[in-house]
Amino acid sequence: MLTLNAGIPKCTLALFKINFVISLFVLITFSANAQLPGQLPVNLKTFKARAENNNKVKIFWTTEYEKDNGYFDIELSADGVLFFVVGKVPGVNHNGSLTDYVFYDHHAVKGISFYRLKQVDVDGKYNYSAIERVRNSGTDNASDMYPNPAPGNEFKINLLKNCPGYINIVIYDLSGRLQWQQSFSNSNTLTINHHLATGLYTVKIQAKDFTETKQLIIQ
């Protein structure tokens, strides 16, 4: 009886050790594959955006590691809250080496704007980068468009120089589809009254002496 009783704690201890080793192995394996909330599936080393001139913003970023990275959406906002996609860049998926990306937004919003990355995995999961704030003075622009973002069906275009003849206004959506077009006689301020769905648009302003494109956000 003494020999049998002495063997029971040893068996229990051995079983405890086995369970402990298995639990430790599972914990280590889970920790190695776990993704922290808010963490990008790629290792994003840098993300920057800066105005190159009055009509162009350079967005650039560097990754240190990528796995199953589908693409990056470049998103723009005029208020830091409501964002719209202005470009897409496919992922390179270089593992263990630095990868540099560059995207140019050629129709920058005048004044303060905000940019961020939406990194999308091949399985559709996504994460966002930090937000970059950009100031674009637009001092060389031939026209000023306001309010932008526009809250409703009306916005104005103020011509900053004399434009003889007619001024043609053309509005496209992000897919390049024509949404609206109209010609105006010479006037310093043009009022556009047309219903546009919430989104990001390209407004092309054509006159005899210049052609200018701008981005319009409809809220």
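**Exercise 1. Which residue in E12 stands opposite Ile167?**

Solution. This is a predicted model. Begin with the two strands. E11 covers residues 167–172, and E12 covers residues 178–184. Now find the partner. Ile167 stands opposite Phe184 in E12. Step along to another residue of the strand. Ile169 stands opposite Gln182 in E12. The two strands run antiparallel, and 6 bridges join them. They form a hairpin with 5 residues between them. In the turn, Gly176 has a positive phi of about 85°.

**Exercise 2. Why is strand E11 described as largely enclosed by the rest of the structure?**

Solution. Use the cut-off first: a residue is buried under 20% relative accessible area. Then count along E11. Of its 6 residues, 5 are buried, so the strand is largely enclosed by the rest of the structure.

**Exercise 3. Is Tyr101 buried or exposed, and what does its side chain contact?**

Solution. Locate the residue. Tyr101 lies in strand E5 (residues 99–105). Check its accessibility. The value is 5%, so Tyr101 counts as buried. Next, look at what surrounds Tyr101. Beyond four places in sequence, Tyr101 touches a set of residues including Ile59, Phe60, Trp61, Glu66, Phe72 and Val92. Take Phe60 as an example. Phe60 and Tyr101 are 41 residues apart in sequence, yet their C-alpha atoms are 5.5 Å apart in space. Finish with Glu66. The side chains of Tyr101 and Glu66 make a polar contact at 2.7 Å.

**Exercise 4. Describe the aromatic pairs Trp61–Phe72 and Trp180–Phe184.**

Solution. The structure holds 5 aromatic pairs. One of them is Trp61 with Phe72. This pair is edge-to-face, with 5.3 Å centre to centre and 65° between the planes. Trp61 sits in strand E2 (residues 56–65) and Phe72 in strand E3 (residues 69–77), 11 residues apart. Both Trp61 and Phe72 are buried. The second pair is Trp180 with Phe184. Here the rings are tilted, with 6.5 Å centre to centre and 45° between the planes. Trp180 is buried at a relative accessible area of 11%. Phe184 counts as buried at 13%. Now return to Tyr101. Ring pairs link Tyr101, Trp61 and Phe72 into a cluster.

**Exercise 5. Over which residues is the pLDDT below 50, or under 50?**

Solution. Start with the chain as a whole. Its mean pLDDT is 81, and 79% of its residues reach 70 or more. Residues 1–6 have a pLDDT below 50. Move on to residues 21–39. There the pLDDT stays under 50. For these residues the model has 4 contacts beyond four places in sequence.

Technical notes: Residues numbered from 1 in each chain as written. Predicted model: local features only at pLDDT ≥ 70, side-chain atom pairs only at ≥ 80, totals over all residues. Heavy atoms only, no water. Buried < 20%, exposed > 50% of the residue type's maximum accessible area, 1.4 Å probe, protein only. Helix = DSSP H or I, 4+ residues; strand = E, 2+ residues; numbered from the N terminus. Pairing = 2+ DSSP bridges. pLDDT = per-residue confidence, 0-100. Contact = heavy atoms within 4.5 Å. Polar contact = N/O pair within 3.5 Å; in protein donor to acceptor, adjacent residues only side chain to side chain. Phe/Tyr/Trp six-rings, centres within 6.5 Å; stacked < 30°, edge-to-face > 60°.
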